[in-house]
Amino acid sequence: MSLFVDQLENLCRTGAGQLSADARKRLCDALRRLHVPSGGYAGLDGAPDPYYSFFVYQCLTALGAPIDRDALLEYASHCVAPTYVDRVAAEALRQACTAQWSPTAALRLLLRSSAESEAYGRFFALWQADRAFSPRILSWWARIAWLSLRKQVMQRSGLVLPHLAVGLVIAHVAGDRAATRQLITRIQRYRVAGGGFACMVGHGGDLLATAVAVAALRMAGAKHALNRHREIDRDFVELCWLGDDLFGATPLAEKGDAEYTFYGMLALGALSS
């Protein structure tokens with residue numbers, strides 16, 4: 001049992017369930033079109049990419065679509081991974097395909113991600129740690145992590161919304177009720193009048209900011225903060241479903257990809273009543 005990832009995956013499944021059967025089929029077909037004959041799934045440049053392959057796996061799982069895990073495991077085990085993020089994404093994909101999560105590998109990735117100070121690498125490290133360790137250990141980790149993060153999150157202005165959202169979830173799990181209430185209020189300042197959230201106050205709405213904001217609010221038990229804007233937030237998310245049948249960063253994006261499709265389903269799930 002996990003502390004965070006189960007909730008994220010459940011929200012994605014809920015989001016997929018909000019769609020009609022035809023919409024789910026179109027999403028599945030669009031995701032499958034990203035498959036590359038040499039293995040894996042393509043990123044924005046059309047080349048196979050372990051990072052985007054991980055999100056295809058998550059999306060197809062949420063949609064209840066069949067996945068050739070053996071072929072995906074073969075790709076993840078032998079793919080070219082030139083960057084740190086590619087390497088941790090490939091490792092996360094390998095472990096997801098086998099449903100075998102190594103505490104040793106997760107701890108090694110957590111330590112490495114802290115040294116790298118790379119947000120996307122840390123995302124995959126935390127994902128694996130959440131699968132590998134018990135909720136009791138993760139709750140203890142959240143309390144320790146919050147001791148070091150609290151001052152930075154609570155006193156620093158101008159933080160991008162994803163950092164605030166992560167802070168909200170950690171503060172909630174750590175049991176800091178005062179900080180949780182304050183962060184819920186601060187996150188509302190990132191709202192965009194036409195629906196959705198922006199990464200920075202005063203900027204335009206984007207799907208990443210919207211997904212992490214509504215998911216964090218939902219995970220922190222702040223459904224009341226979602227109710228007032230639920231319809232316009234949902235409208236914004238649906239506008240990010242583009243003509244290629246994938247979700248994109250904004251309604252004006254040229255094309256979608258697997259990562260933003262994951263965010264789209266996550267947001268729809270978090271915004272469900």
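Mentor: For the classes, Ala, Val, Leu, Ile, Met, Phe, Trp, Tyr, Cys and Pro count as nonpolar, Asp, Glu, Lys and Arg as charged, and the others, Gly among them, as polar. The model is predicted, so local features need pLDDT of at least 70 and side-chain atom pairs pLDDT 80 or more, while totals for chains, interfaces and linings use all residues. Residues are numbered from 1 along each chain as its sequence is written, and side-chain values use heavy atoms, without hydrogens and water.

The count gives one cavity of 30 Å³ or more (a set of points on a 1 Å grid over the protein atoms alone, where a 1.4 Å probe fits but cannot get out). The largest cavity holds about 40 Å³, a volume being the space filled by probe spheres set on the points. Its lining (residues with an atom within 4 Å of a point) consists of Glu 9, Cys 12, Arg 13, Gln 58, Thr 61, Ala 62 and Phe 262. By class, three of these are nonpolar, two polar and two charged. Two helices (DSSP runs of H or I, at least four residues), α1 (5-17) and α3 (50-62), each supply at least two residues of the lining.

As for the charged contacts, nine salt bridges are found in the whole structure (a side-chain nitrogen of Lys or Arg within 4 Å of a carboxyl oxygen of Asp or Glu). Arg 26 has a relative accessible area of 34% and Asp 22 one of 48%, so both count as partly exposed (buried is under 20%, exposed over 50%, partly exposed in between, with a 1.4 Å probe and protein chains only). In α2, Asp 29 and Lys 25 are likewise four residues apart, and their salt bridge has an N to O distance of 2.8 Å. Lys 25 is exposed, at 52%, whereas Asp 29 is partly exposed, at 27%.

Arg 191 and Asp 233 form another salt bridge, with closest N and O atoms 2.7 Å apart. Arg 191 lies in the loop between α10 (177-188) and α11 (207-219) and Asp 233 in helix α13 (residues 230-239), so the pair ties together parts that are 42 residues apart in sequence. Both partners are buried, Arg 191 at 17% and Asp 233 at 1%. Salt bridges with shared partners also join Asp 6, Glu 9 and Arg 131 into one network, and Glu 9 brings us back to the cavity lining.

How values were computed
On a 1 Å grid over the protein atoms alone, a cavity is a set of points where a 1.4 Å probe fits but cannot get out, and a pocket is an open set with protein on both sides within 12 Å along at least five of seven lines; lining residues have an atom within 4 Å of a point.
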